[in-house]
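Keep the structure open while you read.

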Amino acid sequence: MDCPWRPRRNRSSRILRDLAAETVPDRKKLIMPHFVMEGSGLRQEIASMPGIERVCVDNLLRDAESDLRLGISAVLLFGIPSQKDPLGSGAYAENGIVQRAVRALKRELPDILVITDLCLCEYTDHGHCGVVRDGAVLNDPTLELLQKTALSQARAGSDMIAPSDMMDGRVGAMRNALDEGGFDCLPIMAYSVKYSSAFYGPFRDAAGSAPQFGDRKTYQMDCRNSREAEREALLDADEGADILMVKPALSYLDIIARVRAVTDLPLCAYNVSGEYSMVKAMAKLGYGDERNLAVEILTSIFRAGADMVISYHTRDVYRHGWF
Ligand code: PBG
């Protein structure tokens, strides 16, 4: 006799398959990213990310409010400053774009959990994630700027700081700065395992943060390696990270599973821009069904062991009731 949960063309086997399913994706575990820019009344499409826009603070409030009505209650903010400089000063300006966006969101929509991405690359004119001297990114001087940024995001009201650079010792440095600044309860979600990836292409287009020289290979991981993923994750856990993250997700399902196995901290996976755009492009060309593609990808990320997923598909999932 066939196993009852093998696909059969009757209703009871469908019910049994649902009962037996190991992984059930839950939309409450999705986080919606937003790109925030200066100005008012502005909204710019991002050519490489259909359906995602850069918005100014007033439109962010509008979008977040309509998303909240759909049920989306966790957002991740990326700032796009109008001015960039070598030290990325817009990242830690008291009135920087992310700081203003957080204040507005927490004032108008206090029920939303606001996570702030923390990296200098969107704010530096050279596009690297830290202080650059003689063509090299310097670790320790960068840590001081990251501490300043963490504090200014905390003061603005961020609910969770998400450092996405890969400097050594950054989680510990930020934890210390936050504790000393009176923010000892503010959690840190660390982009612990971050690969150097071609799947960030559309994001760099969205944020205008492609490195102007060189690449990020000296501080992002090599896709040929997985042992160091474990090490990076455990280091961040030791330094006080509250949630660990693996990024990207789709080509790194084995890494998600591996990190899941070595820590009991909650684990987030970032379903990055290229993974989103790939699905949109396939759907547009008629090469695949958007819903089926996105649901399969997100389910696989949960199956691999992620507790939560940052995804540009979040709004589609809620709006169209994909799950
Ligand atoms: C760095 C950062 C990047 C992404 C999130 N944070 C870009 C990078 O590392 O170059 C990529 C996310 C995506 O592709 O959706 N601030």
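## Contacts with the ligand

In this predicted model, a side-chain N or O atom of Ser273 lies 2.7 Å from an oxygen atom of the ligand. The protein covers 100% of the 410 Å² of accessible area that the ligand has on its own (areas by the Shrake-Rupley method with a 1.4 Å probe).

## The ligand's surroundings

How many residues surround the ligand? There are 18, counting those with a heavy atom within 4 Å of it, and the closest are Glu122, Arg204, Lys247, Ser273 and Tyr312. This shell is made up of nine nonpolar, three polar and six charged residues (Asp, Glu, Lys and Arg count as charged, and Gly is among the polar ones).

## Salt bridges

Side chains of opposite charge can pair when their charged atoms come close. The model has 17 salt bridges, each a side-chain nitrogen of Lys or Arg within 4 Å of a carboxyl oxygen of Asp or Glu. One of them joins Arg14 to Asp18, with 4.0 Å between the closest N and O atoms. Because these two residues are four apart in helix 1 (residues 11-20), about one helical turn separates Arg14 from Asp18.

## About the model

Residues are numbered from 1 along each chain as its sequence is written. Local features need pLDDT of at least 70, side-chain atom pairs count only at pLDDT 80 or more, totals for chains, interfaces and linings use all residues, and side-chain values use heavy atoms, leaving out hydrogens and water.

Terms used. Polar contact = N/O pair within 3.5 Å; in protein donor to acceptor, adjacent residues only side chain to side chain.
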